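Here is a short briefing for someone meeting this structure for the first time. Please look over the sequence and the model before reading on.

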Amino acid sequence: MADFTYTLLIPLIPFFTFLLLGLAGHKMKPIMAGLIGTSGLGASAILAYSAAISYFWTGHSAGTPYTSIKAFEIPWLHLTDKLTIHLGVLIDPISVMMLVVITTVSLMVHIYSIGYMKGDTGFSRFFSFLSLFSFSMLGLVLATNIFQMYIFWELVGVSSFLLIGYYYYEKPSAVAASKKAFIVTRFADLGFLIGILMLSFNTGTFDFQTLTDPHGPAIAQAGGAAFMGLSLLTWSLIFIFVGGAGKSAMFPFHIWLPDAMEGPTPVSALIHAATMVVAGVYLVARLFPVFALGAPDALYVVAWIGGFSSLFAAVIACTQTDIKRVLAFSTMSQIGYMMLALGVSGYGGEEGLGFMASNFHLFTHAMFKALLFLGAGAVIHAVHSNEIGDMGNLRKFLPVTHITFLIACLTIAGIPPFSGFFSKDEILVAAFHSNKLLFAIEYLVAGLTAFYMFRLYYGIFWGKNTHYHHTPHEAPKVMTIPLMILAFGSVFAGFLPFHDLVTSDGKGFESAIDWFVAIPSVLIGVVGIVIATILYKKESAMPDRIAGSLKYLHRWAHRKFYIDEVYLFVTRKIIFRYISVPIAWFDRHIVDGTMNGIAGMTVYAAYAVKGLQSGKLHQYAFVFVSGAVILVLIFVYLV
Amino acid sequence: MSILNLFIIIPILTVGAILLTRDLKHSRLVSAIGMGVQMILSFVLVYLYLTERAAGNTATMLFTYDALWFPTLNIHYALGVDGISVAMIALTGIVVFAGIFASWKMTHLPREFFISLIILASGVFGFFISIDLFTMFLFYELAVIPMYLLIGIWGSGPKEYSAMKLTLMLMAGSALLLVGLLGIYFFSSPDPHALTFNLMEISKVRIPIHMQRFLFPFTFVGFGILGALFPFHTWSPDGHASAPTAVSMLHAGVLMKLGGYGAFRVAIFLMPEAAHEQAWIFLILTAISVVYGAFSAIVQTDLKYINAYSSVSHCGLVLFAVLMMNQTAMNGAIVQMISHGLMTALFFALIGMIYGRTHTRLINEMGGLMKVIPFLGVVYVIAGLASLGLPGFSGFVAEMIIFIGAFQHVDVFHRVITIVAASSIVITAVYILRVVGILLMGPIKNDHFLHLDDAKWYERISTISLVLAITAIGLAPYWLTNMIDYSLAPIVEKLAAIQLTSLF
Amino acid sequence: MLNEVMFYLFALVILVFSVMTVITRRILRAAVYLLFVLVSTAGLYFMLSYNFLAAVQLTVYAGGIVVLVIFSILLTSHLSERAAMASMKESLLSALATVAGAALTLMTILRYGFTPNQGADPHYTITDVGTALVSYKRDGYALPFEVVSILLLAAMIGAIVVAKKERTLKK
Amino acid sequence: MIQNIPLSYFLTISTLMFFLGIYGFLTRRNLITMLMSVELILNSVNINFVAFNKYLYPQQLQGHFFILIIIAVAAAEAAVAIAIIINIYRNFKSIDVENVDEMKY
């Protein structure tokens, strides 16, 4: 077995570039900073690829299952006799796959950003944050234990916060969005933390290898209802999933994701499409044996949350006009797919089809969604607007962007032979075998996806002839090359033999396309595309008429089903006005008032006693004599 | 002669030297040198402590020194440190050093200011090195009293009111504490002629349970007032808002830690049975502190008030963890004390620096400061992130140790209340980000702010030394928690033994 | 028999003039009534055959203090002046307190059975008293005598200092 | 000689005199008359001393010397008191205690 200690460098290189750029970045030339960041990430990418090759192929004897390897581990914090937090590197199929995904997308985004962020005042700051994010994300996927994951989980959250709020000089909305993203995910992280606390209390370990061992203590102790009919293990996994749902923008924690689009577009591509938002999926996948063997009820929750989120987001995506928000809801919808796939999966062999499909989709989605975002970035770069209404007929001006965007749209719509077809098909098969209702939902979502993606595509590149103030021009090479690379990935990633590589128990299994499921799914994709073509290829009044006839549904979907308003109501009205303000008032007036009242009473008593000290000799003498008489009376006659 | 004596001698010498100086320039230089030496000394102490332990010295207290100074009542000047006090001393060294640099431009009565500040510091140092309850109390009072002058003379806003309030409330705490300490003294030995104030000797005695029940609330609340225990925390917002920068730093940074340290070193250590019985009451109070302080901080508009309420929340967590009475949670309490001390000192230093530039502390009047004072802005963000428990900074380490430790408690009540306390991490994020968003980001609201200078060199020293300490603990907590763990072991063993006998 | 008559006479004089002293509104008269009280007291001393004491009482009290008082009255008030008295309410309250006190004390005294010493009653001469006063042996009173001397000296100096006009005010 | 007069008679006289002095002290507003009341009080005490000495311990001289010392103290007191009264009169143009309340509070 190959030695993987060098994989430690994969997260560490971005960390050092972060330190370098963070401390000295403002003294460098911007291009210098960009190059340092990019080359650092490039080095990580090369290491990640070599790790992947040696793990999956060269260092692996064919036919044996893939095992998880602890390449490196140091104790970081000793807690109790049983619990110690370690920092380390865990190499197994999903972490290696994630390494490839993250370093690839991140490298593309780095290269792209050199062009996209050119001339920005905070150029080096931007790259240092990108490095920080890459470091945290890599650390997250390499975590050997759940607590290390939590540590990097938080770091990922904060780098997301910093990058969304990157435009804080100019845009108050970006500040608000970054705050919202952080607080919503933080709230979900509380669930994660509680889940970790419960899990570690029950099992006495943080370590993934121990936890996910099918014969280990975590799974062995699963039985027994503890609270509301579910076992403690189930509860702790549900809490952990709450954390995952927060990061992965699952309903009802999705509200931060559309707002997060206020950040720079490369950031959206990297964090809010390809890597960070799938952390929730990765988390569930990481703990999958525990879910599948120890707490199927929790997995059931995962499946339904995922299924509902995918439908919910797809409906909203059909009505949005901001191209990045359409993509954001699309991301949410696709992650819902992945969650669902995990939720319907079983453990081991063919049973684990959903697990494989989920990771497969994660992989392909990272490629095509990053491509979509970067393409959208190129469009925004050209027309300086996010609104679909400001665009149209751009195919002549932006040929490269147009072609790559089309490829991405076909991929996400699930048209063969693009990669999306393969991964989505596996998910549908898994759902079909597990739960027919969920299958129906996903089937519908597949159609909706094709529809809204092509609505977007036609809205940008076809449609009306918009008059631009200055002619839009194609993005520079440094931006288009990453597009082409990702387009290449989107086309061919589907041919990777995922069923041999990434499976729930490490053993490969045979998988073939189930035409019974595949043909209808391609058909519904085509139907979606056709409808979109009819409605949006040429400018027409039909879409508005349809929207008018579905008045309420359209309005509700357009306003994202008013979930934001509910949150605002809860935070502004309830927490702020009915909790914090009264507490602050209570503190100032009741608690502090009591203290001041005690002080005031002392002063009052002093004034009362002060009157006795009148300075009148007679009064003193009288009191003295009376006192003496009374004392004599008491002590001589009464006692 | 133990090295610990130097911690008292150096401040005295520094004060003497300041008396000889004439103006700000000289007095601040002398103070900086004196406290710099003190800080280095505290690091040396950490080093010596670790080498001593590595050499196999297993005594509970090291570097002990004992001199009888009032034979009639058997009061000793007894010194000694374990890993916990060593850590607290290092914290104090750093914060005091940073505090001197934060008051580099103290033009009003500089000599008197620095003298009071250093007396305060020496009280704190003395408290941490004492193992005689009486000497401890003496140093405690020595630390509290200069506060009155420091706020009353050099403060701002309603300073007389705040100084009076702070001093009176802390004195009320001392009064309760004195009852507790004297009670402990009178039951420190079955032989009425062998009464002692020595902590280590008392710990070998079992104070009668009915006396413990009576004395524990006095001692715990007495220390708890200084540790901002709800509902005795209200001196904190007013006091901090009025105090000058360095005083806020020292007060929130180290003085409030005397409360937590004392609560655990005296109240729980000496009266474990009563602590065990009554912990639930105080756990509820501290959990309220934690959540309530955080909620109050959300709606405040004055930077110092925000930070003061945040201190209430964080210090509440210290007492909370202490009351959990298991090794991990207590370890977390100590780390939280150090972490909060550094963070809050950094916050107050930054607030002072920002206030010195903008002449306002109301967040609504400021905005976009990141653009004009990037250094201070970045450090403020770092402090904020540390405060909301971001990994890589000390706050995260402390909170996680506390939560995990507390959650290991066998009792369901304790685990449920841990979740309540843990929910504060969300609320903390809300108020920290609210401030960062309004204060540092967004548009600049006042043209006057366009011409602010960024941090001067002395301000950089002050902030960077604190940031370094915060990140050092955050990145490599292992050595610190190990050092504390070793010293907690005897305390926890005592707790465990006694809990068994009293429960069954 | 004569002794008894004398005793009741003195007692009557003392009580009557004591009352007069405290209730008269004319200050000078009060001083004179006080003089009568003091003189009667000296009479009681004589009756008890404490001649030296009686003599001291007459000279120091009646001769010294009362004269001093009269002088100061003349210095500070007009003869026609009527001294201010307490209000009716205050007087009644004071009377109540004093009557209660007196009643209590008298009750105590009268209920207590004193047993007078039945032994011989040695007659001390002035010589005995004088010898004991300056004797430093056992039962000698040299020390109190010295202390009182110093007290008197101090009082004299004090009185002078206090009563002296302040020069600084004049300037 | 005094066999027919019991000790309690003396004590009664002294008690009455004592409380009359107190009554005077309480009701008088003029400093000099208050001083005279104090003299009454002192005098009543003297009578007690004499009576006790004579009736209970005729062999001893303590009563004598107490009285001597009391008289000396009374004289000293009177001297100082009158000096103060004169000083007050000079400052306040009055020797009424009601006016002399600078020391209150």
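This is a predicted model: local features need pLDDT of at least 70, side-chain atom pairs count only at pLDDT 80 or more; totals for chains, interfaces and linings use all residues.

**Cis peptide bonds**

- Most peptide bonds are trans, and most residues other than glycine have a negative phi.
- In chain B, Phe230(B) and Pro231(B) are joined by a cis peptide bond, for which omega is about -5°.
- Pro231(B) belongs to the loop of chain B that lies between α8 (209-226) and α9 (235-242).

**Residues with positive phi**

- Asn74(B), which is not a glycine, has a positive phi near 60°, and its place is the loop between β1 (62-70) and β2 (75-81) of chain B.
- Asn74(B) counts as partly exposed because it has 18 C-beta neighbours inside 10 Å, whereas a residue would need 20 or more to be buried.
- Ser49(C), also not a glycine, has a positive phi of about 60°, and this serine is found in the loop between α2 (27-47) and α3 (51-76) of chain C.
- Ser49(C) has 14 other C-beta atoms within 10 Å and is therefore partly exposed, since a residue counts as exposed at 12 or fewer.

**A helix pair in chain A**

- Helix α16 (residues 353-383) and helix α17 (residues 399-413) of chain A have axes that come within 9 Å and cross at roughly 145°, and the crossing of α16(A) past α17(A) is left-handed.
- On the side of α16(A), the contact is made by Phe368(A), Leu371(A), Leu372(A), Gly375(A), Ala378(A) and Val379(A), while α17(A) contributes Thr401(A), Thr404(A), Phe405(A), Ala408(A), Thr411(A) and Ile412(A).
- The residues of this contact between α16(A) and α17(A) comprise eight nonpolar and four polar, with no charged residue.

**The contact of chain D with chain C**

- Chain D gives 62 residues to this contact, and chain C gives 67 residues.
- On the side of chain D that touches chain C, α1 (7-27), α2 (31-56) and α3 (62-92) of chain D each supply at least two residues, and the largest share, 21 residues, comes from α3(D).
- By residue type, the side of chain D that touches chain C divides into 44 nonpolar, 13 polar and five charged residues.

How values were computed: Residues are numbered from 1 along each chain as its sequence is written. Chains are lettered from A and ligands numbered from 1 in the order in which they are written. Helices (H or I, at least four residues) and strands (E, at least two) are DSSP runs, numbered from the N terminus. Axes are lines fitted to C-alpha atoms, for helices over the stretch in contact, and angles run from 0 to 180 degrees between N-to-C directions. A crossing is left-handed if the near helix is turned anticlockwise from the far one by less than a right angle, and right-handed if clockwise. Two residues are in contact if their C-beta atoms, placed from the backbone, lie within 7 Å. Ala, Val, Leu, Ile, Met, Phe, Trp, Tyr, Cys and Pro count as nonpolar, Asp, Glu, Lys and Arg as charged, and the others, Gly among them, as polar.
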